[in-house]
Amino acid sequence: MADKLTAEQRSWNMSRIRSKNTTPEKEVRSMLHRMGYRFSLHRKDLTGRPDIVMPKHRTVIFVHGCFWHLHAGCDKGRIPATRREFWERKLKGNAKRDKQHLRTLRQLGWRVITVWECDVERNGEKVARRLSRLLNSATGHDSH
Ligand SMILES: [Zn+2]
């Protein structure tokens, strides 16, 4: 099977694999791992299927792509000018769902932390510090 791949296809696959290894979500996971935190992934039984679940800290973490989750005030979180109506409906729908998930999870007693893609890309260290600060404070709530 692999022999049938052209050189271009193979390098495309490789670049896909590489980029997949550096998604913001994986970055955050390895941050937490380095800091010694334990977590589980994508618990299907939880509202909104948070990316990272930390039962011991009663905390869930969403790692959001700025475009798909309409990061307010972010360059990547803008509604495209082409097919604007379509995107507006779709992206605002996502953002609205995010808010509902957040509210439901908080009602269930979870602390919810949202990490944005652009923050991870720009300053991973800062994100790590924020996470450790929040996770170390028993009552800490996320003001971000
Ligand atoms: Zn952003």
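Predicted model: local features only at pLDDT ≥ 70, side-chain atom pairs only at ≥ 80, totals over all residues.
This short talk walks through one protein model, from its overall layout to its sheet, one of its helices and its zinc site.

Thank you all for coming.

Let me begin with the overall layout. The secondary structure of the protein comes to 5 helices and 4 strands, and if you follow the chain from the N terminus, the elements run α-α-β-β-β-α-β-α-α. If we take the contacts between residues at least 6 apart in sequence, 52% of them join residues at least 24 apart.

Now to the sheet, which is open and is formed by the 4 strands in the order S1-S2-S3-S4, with mixed pairing. Its edge strands are S1, residues 40-41, and S4, each of which pairs on one side only.

On one side, S3 pairs with S2, residues 52-54, in the antiparallel sense over 3 bridges, and here Met 54 stands opposite Thr 59 in S3. The hairpin of these two strands has 4 residues between them, and in it Arg 58 takes a positive phi near 50°. S3 is also joined to S4, this time by 6 bridges, and these two strands run parallel; along this pairing Val 60 stands opposite Val 112 in S4, and His 64 stands opposite Trp 116 in S4.

How many of the residues of S3 are buried? The count is 6 of its 6 residues. In a regular strand the side chains alternate between the two faces of the sheet. In S3 both faces are covered, with Thr 59, Ile 61 and Val 63 buried on one side and Val 60, Phe 62 and His 64 buried on the other.

Let us turn to helix H3, which covers residues 84-107. Its 24 residues, at 1.5 Å a residue, should span 34 Å, and since its end C-alpha atoms are 34 Å apart, the model agrees with that expectation. The buried residues of H3 are Trp 87, Leu 91, Asn 94, Ala 95, Asp 98 and Leu 105. As a reminder, an α-helix has 3.6 residues a turn, so residues three or four places apart point the same way. What covers the buried residues of H3 includes strand S3 and strand S4, residues 59-64 and 111-116. Just after H3, Gly 109 takes a positive phi of about 95°.

Finally, the zinc ion. Which residues coordinate it? The donors are Cys 66 through SG, His 71 through ND1, Cys 74 through SG and Cys 118 through SG, at 2.1 to 2.4 Å. The arrangement is tetrahedral, because the 4 donor atoms subtend angles of 104 to 114° around the ion. For comparison, the ideal angle for four tetrahedral donors is 109.5 degrees. Along the sequence, the donor residues are spaced C-x4-H-x2-C-x43-C. His 71 lies in the loop between S3 and H3, whereas Cys 118 lies in helix H4, residues 117-122, so this pair ties together parts that are 47 residues apart in sequence. Both His 71 and Cys 118 are buried.

That is where I will stop, and I am happy to take questions.

Notes
Residues numbered from 1 in each chain as written. Heavy atoms only, no water. Expected span 1.5 Å × (residues − 1). Buried < 20%, exposed > 50% of the residue type's maximum accessible area, 1.4 Å probe, protein only. Contact = heavy atoms within 4.5 Å. Donors = N, O, S within 2.8 Å, 3.2 Å for Na, K, Ca; no water. Tetrahedral: all angles 85-135°; square planar, octahedral: opposite > 155°, others 65-115°. Pairing = 2+ DSSP bridges.
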